[in-house]
Amino acid sequence: MSKHIDNDTLKQALSVYFISGTTNVNRPLPNVLTEAISGGITLFQFREKGSGCLTNKAKRDMAEKLFQVCKDHQIGFIINDDVELAIAMNADGIHIGQKDAGASITRKMIGENMILGVSVHTIEEAKQAVADGADYLGVGPIFQTNSKQDAEEVCGPERIMDMRKSGINLPIVAIGGITVEKTPEIKRAGADGVSIISAIASAPSPSYAANQFKEIMKD
Ligand SMILES: Cc1ncc(COP(=O)(O)OP(=O)(O)O)c(N)n1
Ligand SMILES: Cc1nc(C(=O)O)sc1CCOP(=O)(O)O
Ligand SMILES: [Mg+2]
């Protein structure tokens, strides 16, 4: 997958976007990812951060394993925060937030042929990310989340509606506290996809959970 996919294909790829690191799961992450893929996730982000996370070679080795799982199933592989690792691995994309390297610098570093996702919380940040060359926006936290200690204030699905009304046409994924039950209202608000950590990573069956999201997001 690369940035040269058309907008509809990118939106499709963002529809069920699973995010995880090794600390979000209590079994080997490659197994959980494989199950989530079998259920129908459409994109994966490796987000290895927080207490007890892998670093250096162990992180890179895990990233390589996960990338191979994604390649085997034609699923795009995005790396969170670590631009150098994304470039070194030739990952499909990188996701950065407002506290990470700036979007326009990151775009220069990765070139045109890698997907750039940017986290935004306000319409102003969204407009700036578009100007800086983002390919998609992650908007959140839509609901309360336990998976990110430094999350901003909850903004609700209305924030996505407001962004659409203000003319933001870039693909948008909703993030933060997303559950199967809440997915229909997120879709109605104008999101192209849902980004999920715990509702898939901590599910008794990641495959079943992923499939429920897929059924709601299809069409
Ligand atoms: C799809 C998606 N949206 C938002 C985020 C959050 O990024 P950021 O604000 O940089 O926070 P961290 O994930 O780095 O803690 C994301 N990772 N993915
Ligand atoms: C990684 C992340 N970013 C957020 C943001 O608001 O930008 S919320 C979040 C955590 C999402 O995890 P869960 O699906 O378990 O709530
Ligand atoms: Mg970040």
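Q: Which residues come nearest to ligand 2?
A: This is a predicted model, in which local features need pLDDT of at least 70 and side-chain atom pairs count only at pLDDT 80 or more, while totals for chains, interfaces and linings use all residues. Residues are numbered from 1 along each chain as its sequence is written, and chains are lettered from A and ligands numbered from 1 in the order in which they are written. A residue is near a molecule or strand if its C-beta atom, placed from the backbone, lies within 6 Å of it. Among the 17 residues around ligand 2, those that come nearest are G140, T145, S147, I197 and S198.

Q: How many residues of the shell around ligand 2 are charged?
A: Asp, Glu, Lys and Arg count as charged; Ala, Val, Leu, Ile, Met, Phe, Trp, Tyr, Cys and Pro as nonpolar; and the others, Gly among them, as polar. The shell around ligand 2 has seven nonpolar and eight polar residues, and the number of charged residues is two.

Q: Which strands each supply at least two residues of the shell around ligand 1?
A: Ligand 1 is surrounded by 19 residues, with G97, S119, G138, I175 and S195 closest. By class, its shell holds five nonpolar, nine polar and five charged residues. Strands (E, at least two residues) and helices (H or I, at least four) are DSSP runs numbered from the N terminus. Those supplying at least two shell residues each are strand 1 (16-20), strand 4 (93-96), strand 5 (115-120) and strand 7 (172-175).

Q: In what order do the strands of the closed barrel run?
A: Two strands pair if DSSP finds at least two bridges between them. The barrel is closed, has eight strands and shows parallel pairing; its order is 1-2-3-4-5-6-7-8.

Q: Which residue of strand 4 stands opposite I78?
A: Strand 3 (residues 76-80) and strand 4 run parallel and are joined by three bridges. Opposite I78 in this pairing stands G93.

Q: At what angle do helix 2 and helix 10 pack?
A: Axes are lines fitted to C-alpha atoms, for helices over the stretch in contact, and angles run from 0 to 180 degrees between N-to-C directions. The axes of helix 2 (residues 29-39) and helix 10 (residues 206-217) are 7 Å apart, and the packing angle is about 35°.

Q: How many residues of the contact of helix 2 with helix 10 are nonpolar?
A: Contact requires C-beta atoms, placed from the backbone, within 7 Å. On the helix 2 side are V32, E35, A36, S38 and G39, which meet P206, S207, Y208, A209, A210, N211 and K214 of helix 10. The contact includes four polar and two charged residues, and the number of nonpolar ones is six.

Q: Is the peptide bond from G140 to P141 cis or trans?
A: Most peptide bonds are trans. P141 is placed in the loop between strand 6 and helix 7 (158-165). The bond from G140 to P141 has omega near 0° and is cis.

Q: What is the largest C-alpha distance between the residues of the feature "binding site"?
A: An unreviewed UniProt entry places this feature at D81 and D100. They are spread over 20 residues of sequence but cluster in space, with a largest C-alpha distance of 6.6 Å.

Key:
Two residues are in contact if their C-beta atoms, placed from the backbone, lie within 7 Å. UniProt positions are given in the numbering used here, feature names are shortened, and annotations may be inferred rather than shown by experiment.
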